[in-house]
Amino acid sequence: MSHFALHDGLLHAEGVPLDAVAARHGTPCYVYSRAALMAAYDDYRSALAAHGVADRSLVCYAVKANSSLAILNLFARLGAGFDIVSGGELARVLAAGGDPGKVLFSGVGKSRGEMEQALAAGIRCFNVESASELERLNEVARAHGARAPISLRVNPDVDPKTHPYISTGLKTAKFGVPIEEAPHLYRRAAELPGLKVVGIDCHIGSQLLDPAPAAEAAAKVVALADRLAADGIAIEHLDLGGGKGIRYRDENALGATDYLAPMLKVLSGRREQLLFEPGRSLVGNAGLLLTRVEFLKYGTGKNFAVVDAAMNDLMRPALYDAWHDIAKVSHGDTPPPTHSYDIVGPICESGDFLGQARDLALAEGDLLAVMSAGAYGMAMSSNYNTRPRAAEVMVDGDAIHLIRRRESVAELFAGESPLP
Ligand code: LLP
């Protein structure tokens with residue numbers, strides 16, 4: 001069921017017409033559906049239950065996809081853990097009421113300060129991505145009289161068949177350690193007094209539509225766990241990462257039950273805890289970016305709809321040539337003529353588009369919804385061109401909750417000083 005649908009010619013988020021959101025909070029504005037977020041989390045939990053592994057698995061939402069406190073709080077209340085990649089994300093999780101005992105810390109460049117912060121918080125596991133990081137974490141933990149729980153992120157050299165910018169499990173990626181080197185590094189980790197080996201971690205990429213590469217990676221992880229057990233190193237959990245793709249346009253994106261089936265087949269009969277790090281699949285289709293048409297420009301080769309959202313608000317089209325459906329909010333009885341438009345923002349870059357060659361019946365002042373913008377939308381936004389970041393609202397039934405007010409221009413340069 002879609003939580004964004006047309007009723008009486010008006011696009012709604014749950015029970016709220018989107019023109020009411022624009023009237024109250026202005027545009028550009030991110031709009032999330034609480035029910036859609038809950039349904040996406042439930043899809044994961046139900047899939048794990050259907051496969052009989054619910055009681056030994058934990059869904060750790062990848063905070064980077066959308067780090068809004070309201071969204072983190074919602075997932076925390078549903079019992080989720082969190083996958084973080086910075087001290088900043090850890091602070092957000094704690095501020096949102098997340099349980100540090102369910103936090104995984106991924107990322108190739110953890111600073112000493114971030115390690116200290118995570119040890120003090122008592123996180124569940126550090127996903128260590130290099131030999132040097134093992135040594136640094138050992139030193140930091142010893143200096144604090146602590147033992148850091150670790151897994152090594154192994155790079156299984158599996159092709160996830162997705163966009164090259166979001167493929168992470170190939171040999172050429174900067175992430176993780178080559179799986180062939182893992183036994184040696186685990187022996188080293190087991191010797192270090194500041195570390196406690198607890199798991200194996202692997203994440204091969206994002207927006208994966210084919211479940212086979214994830215299952216292939218899981219098979220390599222399982223073989224490694226057996227090899228380590230033979231070396232006397234016991235593994236408590238297997239972290240299979242995130243990556244499940246969603247439908248942006250016409251992709252055949254599987255539900256969690258079907259997507260996880262081949263991987264869980266590989267993992268059946270095992271005793272380890274199973275950790276998952278989904279980001280996009282929990283939030284992507286639960287959010288849209290609401291924007292208003294400022295001007296229509298008719299050219300010789302192209303027509304443009306200049307809107308008030310831009311690449312600083314939603315970077316995915318400019319960065320990955322990503323497709324987001326773009327829908328009109330209001331469908332009146334006498335629509336203006338349909339033309340093919342590039343939907344562009346006010347930023348001074350030719351790459352500043354949200355969609356190209358879209359057939360739409362537009363008039364100036366119309367509201368547009370850029371769909372499937374819940375993941376890597378607001379989280380990747382910037383202040384380029386000194387544009388304040390958008391407001392964010394959460395719709396819950398008929399209620400509109402402002403979860404982040406629009407930034408003010410004064411806030412943008414509050415930390416700056418002119419030369420003396
Ligand atoms: N775990 C780790 C270690 C990751 O690096 C990522 C995403 C995830 C989990 C979550 O993956 P997901 O379930 O969302 O696919 N900005 C890009 C996506 C970058 C993904 C980075 N890592 C985009 O807009 O498509």
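An oxygen atom of the ligand sits 3.2 Å from an N or O atom in the side chain of Lys64, which is a polar contact (a pair of N or O atoms within 3.5 Å). Keep in mind that this is a predicted model, where local features need pLDDT of at least 70, side-chain atom pairs count only at pLDDT 80 or more, and totals for chains, interfaces and linings use all residues. Residues are numbered from 1 along each chain as its sequence is written, and side-chain values use heavy atoms, with hydrogens and water left out.

**Around the ligand**
- The ligand is surrounded by 18 residues, and the closest are Ser206, Glu277, Arg316, Tyr320 and Tyr376; to be counted, a residue needs a heavy atom within 4 Å.

**Two helices side by side**
- Helices here are DSSP runs (H or I, at least four residues), and strands are E runs of at least two, numbered from the N terminus.
- Helix α4 (residues 87–95) packs against helix α5 (residues 112–121) at about 25°, with axes 9 Å apart.
- That makes α4 and α5 roughly parallel, a label for angles under 35 degrees.
- Gly87, Leu90, Ala91 and Leu94 in α4 meet Glu114, Gln117, Ala118 and Ala121 in α5, where contact means heavy atoms within 4.5 Å.

- Thr27 and Pro28 are joined by a cis peptide bond, with omega about -5°; Pro28 lies in the loop between α1 (18–25) and β4 (29–33).
- Ala357 isn't a glycine, yet has a positive phi of about 50°; look for Ala357 in strand β18 (residues 353–361).

Technical notes. Axes fitted to C-alpha atoms, helices over the stretch in contact; angles between N-to-C directions. Parallel < 35°, antiparallel > 145°, perpendicular 65-115°, else oblique. Polar contact = N/O pair within 3.5 Å; in protein donor to acceptor, adjacent residues only side chain to side chain.
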